[in-house]
Amino acid sequence: MAKGFYVSKIVAFVGIFFAIAAVATIIALAVVYANEKSNNKAENGGGTTTTTTTSGPTKTTSVKPTTPTPNEIWDQYRLQGFLSPQHYDIDLRPVLVKNTEGLYVFHGESTAHFKCIKATDYVIIHSKKLNHTSKVVRDENNVAIEIIEDFSVEKTNYLVLRLKEPLVVLKNYKLHTTFKGELADDLAGFYRSEYVEDGVTKIIATTQMQAPDARKAFPCFDEPALKATFSIIIRHKPENVALSNMNITDVYTEMWNDEAWNVTTFEKTPKMSTYLVAFIVSEFDYVSNDTGLFPFARYASESRMWKRSSGAGTPERSVRPHRNTCNRTLRSGVLAPELRFHMPDSDGQQISVTVHNKATVEI
């Protein structure tokens, strides 16, 4: 009888079963791999639907379209040159007591005057953490232009207004806004500082606009190259003094919430960048060059160093002013040429106040 290799029926059946299972597994894995590859390709290319044929029924898989990269003009961190600022009218009222929500706030009203450089039906201006209560765009004939949509873009700090009709190239326009902001203790924009004098906590409202924080004090085209002039009004309690870049031209009293408030108006500034704008409301007092404390007093008819009223002699920390009579600034006691525009020659001023032991106020 011839010899041969025999396999029992049970062993043969088991072998065939495992072979079929292995083949089925390989096919299933291949199908899954193909689906994943197809899905990835659709996502990268912006596709919406893929169809895969298997040994069974046809299977259709819907793929969510990929969100396109933001490419609107308000998604750009730099303004696109459609509008050019000419002048700002700024009117601010800092309230140096807490409101019912436990916050220190300021009320504001501003008008940004600008020229249209490239035709557009949008007004895009910087605004950060300001609660706008009204927005009106007017042409050079003071006719209001309808705003059909407005929104804020937190990422780029823009207030965006879409107009019913496009702006005309080389025509002048103005945006008037009313708003409210918080006097936070964050050393940015229009902010709050505190100090203790004779056991009493005193509140200061002051500014630090550099580099991109003028937008936190008032709506503006907040880029250094976009220079303009500024007319500033500060409303404050009579026990406080208000100072800004320019000389005071008028102070009068008004009633607000059944209380007397002073209204201090300043001269219009030269053309300058938004980060140079500065103002402060405080109970500071000053010493002048009459005391002989200022070696640079010969450069001005009067020089003043503002400080806490209880401070004696020269304040322990001083800062460079944004104005004086020689187109120079005082930095670390050394006069250095820096400012290239003429500022008023009636006085030179400095503010000295320690802010959270980390910074000083600039005026």
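Y122 comes out buried in this predicted model, at a relative accessible area of 18%; buried here means under 20% relative accessible area, exposed over 50% and partly exposed in between, with a 1.4 Å probe and protein chains only. W74 is buried as well, at 15%. Residues are numbered from 1 along each chain as its sequence is written. The model being predicted, local features need pLDDT of at least 70 and side-chain atom pairs count only at pLDDT 80 or more, while totals for chains, interfaces and linings use all residues; side-chain values use heavy atoms, with hydrogens and water left out.

On the aromatic side, the structure has 11 pairs (ring centres of Phe, Tyr and Trp, the last by its six-membered ring, within 6.5 Å; planes under 30 degrees apart are stacked, over 60 edge-to-face, the rest tilted). W74 and Y122 make one of them: the ring centres sit 5.3 Å apart with the planes at 55°, so this pair is tilted. It ties together distant parts of the chain, 48 residues apart, with W74 in the loop between β2 (59-62) and β3 and Y122 in strand β5 (residues 120-126); strands are DSSP runs of E, at least two residues, numbered from the N terminus.

Y195 is buried at 7%, and F284 counts as buried at 5%.

Over in strand β3 sits H87, buried at 13% relative accessibility. Its side chain makes a polar contact with the side chain of S231 at 3.2 Å (a pair of N or O atoms within 3.5 Å; within protein, one able to donate a hydrogen and the other to accept it, and residues adjacent in sequence count only if both atoms are side-chain atoms). Beyond its neighbours within four places in sequence, the contacts of H87 include T111, H113, F230 and K268, contact being heavy atoms within 4.5 Å.

A pocket is an open set of points on a 1 Å grid over the protein atoms alone, where a 1.4 Å probe fits, with protein on both sides within 12 Å along at least five of seven lines; lining residues have an atom within 4 Å of a point. Of its 21 lining residues, V95, L96, V97, K237 and W261 are the closest to the centre. β12 gives the most to the lining, with 3 residues.

How values were computed
Helix = DSSP H or I, 4+ residues; strand = E, 2+ residues; numbered from the N terminus.
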